[in-house]
Amino acid sequence: MKKYRLWHKVTVSAIVCILLCSGIFADLHIAQARPGDGYSAEKAVAYADSCFKKKGGSYRKSPNKKYGEELCAGYVSQCLKEGGMAMDSKWKWKRRGKTTRAWRVSNSLFSYLKKTGYKTTYSPKASQVKKGDVIFYRTNGGWGHVAICVGKTKSGQPMVNAYNSPHYHFSYWRMGYRTCLVSMVSKTATPKIKQTTVNGGKKISISCKTPNATIYYTLNGKTPTKSSRKYCGSFVVSESTQVKAIAVFPSYKKSSVATKKITVFSPVKNDTVTPSDAVSDDAIVAADENPVVAGSTSSTER
């Protein structure tokens, strides 16, 4: 019986190992691409433009030799990868003609980026679109088309590149469709500084809405940098000061500076009577027995 149980455990372990190695359980892998990857909008845009070539008075598609020509989602996926976004089992290019659905299908790419945690903005304003961001278009009941923002016009309108019907620095960026913006490069949220009165001073707590952001702070009024004190938990200050803090997250823009004036009041000192100022009980009794009223004179002065 013991031999059977041992054989059963070994067999099950071997089967699981084989299945994992064969990729059957690939969909169970946790996605590795996350907002904050080493994504460079400049590199992504440079690659996006390299996939076009000017012929005559217009730009035509010039697919990368490594990837080959792909449709809109595949083209944008190439740009994201070349910009530094990390691949995983759900969003992956293996070789020409061998890609995952999230890589090559626009609607699936949208779902992947949204579930992964990238910020989405429905019906965005032109001012919200940044270079290197991705714009999805609502067609055929889903997010059936996608483009990448490669810059802006002098008037502030986004310009996009896209495949299928080639669009190069196309300023009619909404294309007549409902749109959804996926922000690939975000700014770290500004930290919040909270103070609480405690014995001995004020307890200072600093938080940031950007998950896993690193906070740096100063207590001397100077603007914090990555060389400043790293926030590791709440602390107490015993004197009035000014707290400044920033938050940093990889590939995100540095946050704005948060500032909080902290006022710590000194404890009020009670008046005390010194020995030289003290009046004896005998003197108090004598005064009661021989009261002196203002404006009067004693009998000895008469």
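These legends describe close-up views of a predicted model.

**View 1. The largest pocket and its lining.**
The largest pocket holds about 320 Å³ of space. Its lining is made of 14 residues. Those nearest the pocket centre are Q128, K130, V185, S186 and K187. Two strands, β5 (119–122) and β10 (179–183), each give at least two residues to the lining. By residue type, the lining has six charged, five polar and three nonpolar members. Rolling a probe the size of a water molecule over the atoms shows where empty space is left.

**View 2. The largest nonpolar core.**
The largest nonpolar core contains 36 residues. Within this core, Y75, M85 and F136 have the most contacts. At least two core residues come from each of the helices α2 (41–50), α3 (72–82), α4 (101–104) and α5 (106–116). The strands β6 (134–139), β7 (142–152) and β10 also supply at least two residues each. Helix α3 gives the largest share, six residues.

Helix α3 is mostly covered, with nine of its eleven residues buried. The buried residues are C72, A73, G74, Y75, V76, S77, Q78, C79 and L80. One of them, Y75, is also among the residues with the most contacts inside the largest nonpolar core. Just after the helix comes G84, where phi is positive, at about 115°.

**View 3. Cysteines without a disulfide.**
How many disulfides does the structure hold? The count is zero. A disulfide is a covalent bond between the sulfur atoms of two cysteines. For C51, the closest cysteine sulfur belongs to C79 and is 5.9 Å away, so the two are too far apart for a bond. The cut-off for a disulfide is a pair of sulfur atoms within 2.5 Å. Is C51 buried or exposed? C51 has a relative accessible area of 1%, so this residue counts as buried. C232 has a relative accessibility of 72% and therefore counts as exposed.

The structure has 18 aromatic pairs. In one of the pairs, the rings of Y122 and W143 are 6.0 Å apart from centre to centre. Their planes make an angle of 45°, and the pair is tilted. Y122 is in strand β5 and W143 is in strand β7, 21 residues apart, and the pair links these distant parts of the chain. Y122 is partly exposed, with a relative accessible area of 39%, whereas W143 is buried at 5%.

**View 6**
The ring centres of F170 and Y172 are 6.2 Å apart. Their planes stand at 85°, so this pair is edge-to-face. F170 has a relative accessibility of 27% and counts as partly exposed. A cluster of rings is formed by Y47, Y67, W91, W93, W103 and Y112, which are linked through ring pairs.

**View 4. Two loop residues with positive phi.**
Most residues other than glycine have a negative phi, and most peptide bonds are trans. S123 is not a glycine, yet its phi is positive, near 50°. S123 sits in the loop between β5 and β6. With a relative accessibility of 55%, S123 counts as exposed. N164, also not a glycine, has a positive phi of about 75°. Where does N164 lie? N164 is found in the loop between β8 (158–162) and β9 (167–170). The relative accessibility of N164 is 35%, so this residue counts as partly exposed.

**View 5. A258 in strand β17.**
A258 belongs to strand β17, which covers residues 258–262. A258 is buried, with a relative accessibility of 7%. The C-alpha atoms of A258 and V243 are 8.1 Å apart, and the two residues are 15 residues apart along the chain.

Conventions:
Residues are numbered from 1 along each chain as its sequence is written. This is a predicted model: local features need pLDDT of at least 70, side-chain atom pairs count only at pLDDT 80 or more; totals for chains, interfaces and linings use all residues. Side-chain values use heavy atoms; hydrogens and water are left out. Buried means under 20% relative accessible area, exposed over 50%, partly exposed in between (1.4 Å probe, protein chains only). On a 1 Å grid over the protein atoms alone, a cavity is a set of points where a 1.4 Å probe fits but cannot get out, and a pocket is an open set with protein on both sides within 12 Å along at least five of seven lines; lining residues have an atom within 4 Å of a point. Grid points are joined across faces, edges and corners, and a volume is the space filled by probe spheres set on the points. Helices (H or I, at least four residues) and strands (E, at least two) are DSSP runs, numbered from the N terminus. Ala, Val, Leu, Ile, Met, Phe, Trp, Tyr, Cys and Pro count as nonpolar, Asp, Glu, Lys and Arg as charged, and the others, Gly among them, as polar. A nonpolar core is a set of buried Ala, Val, Leu, Ile, Met, Phe, Trp, Tyr and Cys residues joined through side-chain atoms within 4.5 Å. Rings of Phe, Tyr and Trp (its six-membered ring) pair if their centres lie within 6.5 Å; planes under 30 degrees apart count as stacked, over 60 as edge-to-face and the rest as tilted.
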